[in-house]
Every structure is written in structure tokens, then in C-alpha cells.
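The entries below follow the order in which I went through them.

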Amino acid sequence: MEVNEDVMAANKRAFLNFLDEDVGKGFYMKAIRDMVQNKRCRLILGMDDIRSYSLDLARRLIRNPGDFIQPISDALTEVTRNVDPKYLKEGERVLAGFSGPFGFHKVTPRDLMSSFIGSMVCVEGIVTKCSLVRPKVVKSVHYCPTTSLFTSREYRDITSMTGLPTGSVYPTRDENGNLLVTEYGLCEYKDHQTLSMQEVPENSAPGQLPRTVDVIIEDDLVDSCKPGDRVSIVGIYKALPGKSKGSLNGVFRTVLIANNVSLLNKEANAPIYSLEDLKRMKEIAKRNDTFDLLGNSVAPSIYGHLWIKKAVILLMLGGVEKNLKNGTHLRGDINMMMVGDPSVAKSQLLRAVMNIAPLAISTTGRGSSGVGLTAAVTSDQETGEKRLEAGAMVLADRGVVCIDEFDKMNDQDRVSIHEVMEQQTVTIAKAGIHASLNARCSVIAAANPIYGTYDRSLTPTKNIGLPDSLLSRFDLLFIVLDQMDPEIDRQIAEHVSHMHRYCTDDGGIGAFEKGARYTEEDDGDVNAPIFVKYDRVLHGHEKKRGKRQKNERLTIKFLKKYVHYAKNRIQPKLTDEAADHIATLYAELRDASASAKSGGGTLPITARTLETIIRLSTAHAKLKLRNEVLKGDVEAALMVLNFAIYHKELTDMEEREQREREMEMKQKADHDPGHDADMDGRTDAMEVDEVPEVETDEISPERIEAFETILGQHVLANHLDQISISEVERLVNREAPAPYTRRQVESILERMQDANRIMIRDGILRII
């Protein structure tokens, strides 16, 4: 509607007064001079400044922005002409944008209701679609050859702030019927682009479709964002009439006409650190058991799987990304995969990552296609032109993508994520669009083996059933098995029953429906505890385990802060010592995989494994809040990698079954005293697993050193890479001054295995 001229003039005067008041402070005058110097034509005004000048003016501006946008623009143009008369050409204007706190007018696409129509809102979300930039005609100039006169005509559509919309038809004849020729060089155009903005994935309500809102951006705002960016857009929420015949339809299309687009970095939901928090983080980083403590704090409701939890911590921290001068990109993100039997809490671990990681997006194998994960070219419903739509991995840039049921994906869809997992970009070359989008994300995948359950008669590679080209892109591959052992089953049952008995004060259906949103008020609590408080119902079974059981676990809130701080603020560098150690370890791993019998490890050892060791070491240095990667970090990384490659759980199960078979044989042979004597060592082996700390304390350090010296000299002299435990026992007892019992031998070997110097499997000792 045509706004009253007096109202427009009054609003312009009010705003000129606002700018005059600023002359003393000089903030906006400096902003206008900077704008002139940078050749821009939009000035951003702070809502706080307008509020402090006049609360009534700020309220009216937010409620009826249509009455103010034009007068504000006129006032700014007038002031700019006073500052620099030559800057603006005839007909050019300075545009106004707004920023600052909007109170309850700061909303997400889900909260945009009909009550906001016609008012100014600030909407935060993530850009999912971008159209091409097209010119829109503002004024056309026509020349009449018969009369030698020029005529001009202005065009306005429903989105313009002044006057009524005009038709979009070019005039071809003047009033007297003379032909007109359009002078395209004298016509004025402005850039025009449409976006689709969706609510951010981590704040969308569970079980509901994410809402989107269409945004129209014009002039200097076009191309200020791309698909996958998180943005905060200030604009006027308008209803446009539908295209139905005769406008009988009462449902209108709504759009947001933007006047300011500001990019939010991925840290928009970043926790707030207090000085107390930083002090506590440094204290925890100095502890010797930092890695174990953080590993135990991930998903405490899941029993066991400590190494996988540690790997999840390293994955969330990530290595250091490097972009070399020659254009090479070395990824810093760690990818991980879990393959295993049903009901071993793979999906629950993924849910835990979704809770802790600052940005995480979850998909499933059957529920996502290749283009849905990367990017798609779609047709615009209104204009019919092609536009780019970002997929899940592009939206999770700088975050984590959790893919469940990875084995159920189609092969064609699985191939599309190859590029993302190594080059970390999505390249599109179809329908006339050539684009490269960033997708710098870590991938955690969970899959079942090819036969549903893990078949231990086959090699790990055959069980997994995925091509080597894909497996080598995963830094870590864990085999998770459902172990059938009465003792472990009892502990799991006890753990789960405690979890079911325990009920938090704010639990229940209501808490789930509200969604666990991360609020800033929670972060600011300086005195919040960082360790989970002991609860008899929840942790009762742990107190009985004696000194060795650690009950310490960090709270989720503090763990989020720690991971966020270590990931973003610490950038460690490799030291020479660590680099040499990594090179040696890599050569040994390659040699071991070449000499291993068929089957070997879970992952092929390629040059990517070398980068994996570097990434894991860097992540461990971040965990300790260090700026250098030391040899100790490399050792810790190698322990995680060894667990992943040599599928330690499988080895444990085979050893336990071997012990059970030996027990049965012993029981059958109870009547044969000679046989009993042979079996003593074996029963000792079983006991040492149950009570490892009893015997190790009785061996003096001198005897341990003598044992290691005898074994080391024998291995070097005979160039051995493996030797049986029985042979080791005979060897040391032959050369040592005092004999070692079978239990003592196994205890020392276990110490050497913990120090990552040897590996024991099926009674065979392998030299690392």
C-alpha cells in the first residue's frame, strides 16, 4: 500500500535526528566513510543503538518495517551525499541493513508463524539450496525514432518496499501509437537470488521434518552464502499471493526479504569457557590417565568397549588439516568403522557421538542415497532453472557424519562417498553446473558382517565384504563381537539392570520430547561439577571391584567443553623424534602384514596407514593439550591402531575358548596323576588371567630384567619373529640362575605385551 507522505517524512526526520546524535560518538559517520572507501552501498545499523536512542522507534521499526525502510534509506543517502557528494550517481541509494538483538523476533524457520507476517525478524538456519543470480529490471528506457524522445518506466514487484506493484510488460508503443525501441544500455537492473534456509540439524525436533523458509536476497547481498553455510538473516517476513486462478485459494506463500546476511561459524553453538573451566582442563590434561578417563566418560551406559570409546575420543578431536602451497590437501579428520554381531551397542555408540560432538548428522544406509549424502542438482519449481542442493556430508562440514547400517547401502551410493572420505570435497559436474563443495567431516560407520553374524572361520576381510579401496579410507576398523562368556554376561546384565533401575529427576517422555538443546545458561555455571557424582543405585556394582576399578567419569557438559577446546584451540606440530618413530613403526607394520599368514589384520596396510598414525598421534597430543607431538603420543596411537588391525577381541575369545577346552581335558583326566602334573602350567595360565596383580608384585625388577635380557639375546641371535611360550619357559629356566614358574613367565610376558613390545596369540609370542 502507498504509505502516507507525512508519515514517511516524519520517519525520515526521526532517523536523521538519530544520525545527528551519533555525530558526537562518530560511530556511524566513520561507518559511512568506510562504506564510501570500500565502494559498498549498504550500511548496517545496530538495533541496540536505535533502542538506546528511542525505544518507541525501535518497536515501531520491528513491527512495521515497511513504513521505515524507505525513509531510513533516504536519510542515509542524504547523509552520504553530505559526506562525499561525488560518491553516489543520479538515482543511486544507500541501502540499510540491521543487526543486533531482536528479542522474541529472533526465531528459527520452525517458529515463523502468521503473527510475524509484515514484521522484521532475525532467522538462523543452514542454507540448503541456492538459485543462480539473475538480473531483475528496475527501470527501462525507451527511444522513439519518430519523435526523437526518450521515455522511461519503473518496475516494482510484490517484494519492493515502496509503492504498488507494477506490471512487468515492456511498452512497445507510446500514447500516440509510435514504435518504441528499448535502450538496454540505459536500463537499470539489480541482482536477484533466492535461497532455501532450513533449521539447523542439531536443534530440529526429533521425529519431525525440518522446516524451511524461502529467502529473497538482492543487490549487494547476492552470493554472500553457499549451500551448507550457517547463516543469520535479518529481513521482512511477507506473504505473497499464490499463483492459483483468480486467487480463490486462501493459502499464501511466505518469503523472507533479506536486508542483512551474516555468516555464523560452526561455533555458533560453542560452549562458553570460564577461567575455572580452563584451569580444570589443564589439571585433567596433566593426569597420567587422561586418555582412559575420557574414554570411560563416553557413553558410560555401555559396558566395556574401552578401546573403541578411546578411538571415538580421538576421532572427535581429529588431527591437523594441512593445505600445502601446491594445492595439496591433507585431511586431518579421522574415519572409523565398526563391524560386528547384532546387539553389541554399535548404534548406541553412534548416538553417544551425536550427543557429544559439537556438530553431528546421522543417516542410515537404506535411508540415504548417494546424492542425498553428497549433493544434488535440482530444478526450481517456479523458474525451472537448475540449482544446487547440499547433502548430509556437506551440511556436516567440520563435523561428524554417523552412518548406521553401512553394509545395507547400494554399491553405487557407497562409491559416491569415496571422494568425501579422502579429498574432503564434493565435485559436481552435471546439468551445466560445475561446482566443488567442502565436506570436511569425519565418518563413523557401523555395519553387520556379510552373513549377519561374524563367522570366525573366515578372515576379517571376507566377513566385512567391502572393497579394499573403501576400507583403506577408514583409519580404524573395529571388529565387535558378542562374547559368550558367563562372567562377562553376568557383568553386562548387572550393568544394564542398574541402568534400568536408575531414573534421573528430569527423565521420562517429557524430557525426550523437549529435545536436549544446548543452552548458553547451562554453560556459564562456574561451579558445576566436572565428575559424575557417585550414585549407589547406578554405580553400586563398581564399588565392590576393589582399588583397580576407577569410578571417575566426566560429566557430558564438561566433556563437550574439553573436546571443543582441544579440537579448536590446540594445533600440535610433529617433533623430529616422533617423526622418526612413526617411520620406524610404519615400516614394521608393513613388514608384519607382508609376513603374516593369510587373513592378517582387518585393514590393508597402505600409505594411508602412515597418515593414520600421524593423525592419531596428533589427536592424542590435542587430548593432552600439548603443542608438540611426542614419542609417547605415537605409542598411545599405535596401541589403538594395533587393537583395530589385529582384532584383539577375536584373539581374546580364541584364547578363552582354548583355556576352557584345557579345563575340560583336565577334568576328564582327574584320575591320571601324571596328566595332572602336565596340566599344572595350564591351570596356572587360567588363574593368572583372573588375578593378574597377585603374582606380578612378587617378581623383583632384577629378575624381570634378567628374563628380558635372556629372551632378547636369543631372539637376536636366531633372527626369530615368533616363539612359543613353552619354548620361552624352557629357555629362561636353562640359562637363569633361579628358575621361573609358568605363572611368572606369563606374568612378565603380559607386562611386555602391555608395553607393546610383543604380541601373544594362541600361545605364540610374536616380536613387534
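**Hairpin S19–S20**

I started at a hairpin: S19 and S20 form it with two residues between them, and Ala431 in the turn has a positive phi of about 55 degrees. The model is predicted, so I kept its thresholds in mind: local features need pLDDT of at least 70, side-chain atom pairs count only at pLDDT 80 or more, and totals for chains, interfaces and linings use all residues. Residues are numbered from 1 along each chain as its sequence is written, and side-chain values use heavy atoms, with hydrogens and water left out.

S19 (residues 425–430) and S20 (residues 433–438) run antiparallel and are joined by six bridges. For the terms: strands (E, at least two residues) and helices (H or I, at least four) are DSSP runs numbered from the N terminus, and two strands pair if DSSP finds at least two bridges between them.

**Chain totals**

I noted the totals next. The chain has 29 helices and 27 strands. Of its 768 residues, 44% are buried, where buried means under 20% relative accessible area, exposed over 50% and partly exposed in between (1.4 Å probe, protein chains only). The chain exposes about 39,700 Å², with carbon and sulfur atoms supplying 51% of it; the areas come from the Shrake-Rupley method with a 1.4 Å probe, and for residues only the protein chains shown count as cover. Among contacts between residues at least 6 apart in sequence, 71% join residues at least 24 apart, a contact being heavy atoms within 4.5 Å.

**Strand S14**

How many residues of S14 are buried? Five of the five residues of S14 (residues 336–340) are, so the strand is largely enclosed by the rest of the structure.

S14 pairs with S21 (residues 442–447) in the parallel sense over four bridges, and Val339 has Ala447 as its bridge partner in S21. S14 also runs parallel to S22, joined to it by five bridges; there the bridge partner of Met337 is Leu477.

**Sheet at S25, S26 and S27**

I then went to an open sheet of three strands, with the order S25-S27-S26 and antiparallel pairing. S25 (722–724) and S26 (758–761) stand at the edges with a single partner strand each, so one side of each has no neighbour in the sheet. Neighbouring strands are turned by 25 degrees against each other on average, direction ignored.

S26 and S27 (residues 764–767) pair over four bridges in the antiparallel sense. Within that pairing, Arg761 has Ile764 in S27 as its bridge partner.

I looked for helices on this sheet. H28 (residues 725–735) lies across S25, S26 and S27 at about 80 degrees to S25. H29 (residues 742–754) lies across S26 and S27 at about 120 degrees to S26. These angles run from 0 to 180 degrees between N-to-C directions, with axes fitted to C-alpha atoms, for helices over the stretch in contact.

**Rings and charges**

A search of the whole structure gave eight aromatic pairs. Rings of Phe, Tyr and Trp (its six-membered ring) pair if their centres lie within 6.5 Å; planes under 30 degrees apart count as stacked, over 60 as edge-to-face and the rest as tilted.

Phe406 and Phe474 form an edge-to-face pair, 5.9 Å centre to centre with 90 degrees between the planes. Phe406 is in the loop between S18 (400–404) and H12 (411–415) and Phe474 in the loop between H15 (468–471) and S22 (476–480), so the pair ties together parts 68 residues apart in sequence. Both residues, Phe406 and Phe474, are buried.

Phe558 and Tyr562 have ring centres 6.4 Å apart and planes at 50 degrees, so I logged this pair as tilted. They are four residues apart in H20 (residues 556–569), about one helical turn. Phe558 is buried at 4% relative accessible area, and Tyr562 is buried at 1%.

Last, I checked charges over rings. The charged end of Arg703 sits over the ring of Tyr740, 4.2 Å from its centre, and that of Lys310 sits over the ring of Phe291 at 5.1 Å. The criterion is NZ of Lys or CZ of Arg within 6 Å of the ring centre and within 35 degrees of the ring normal.
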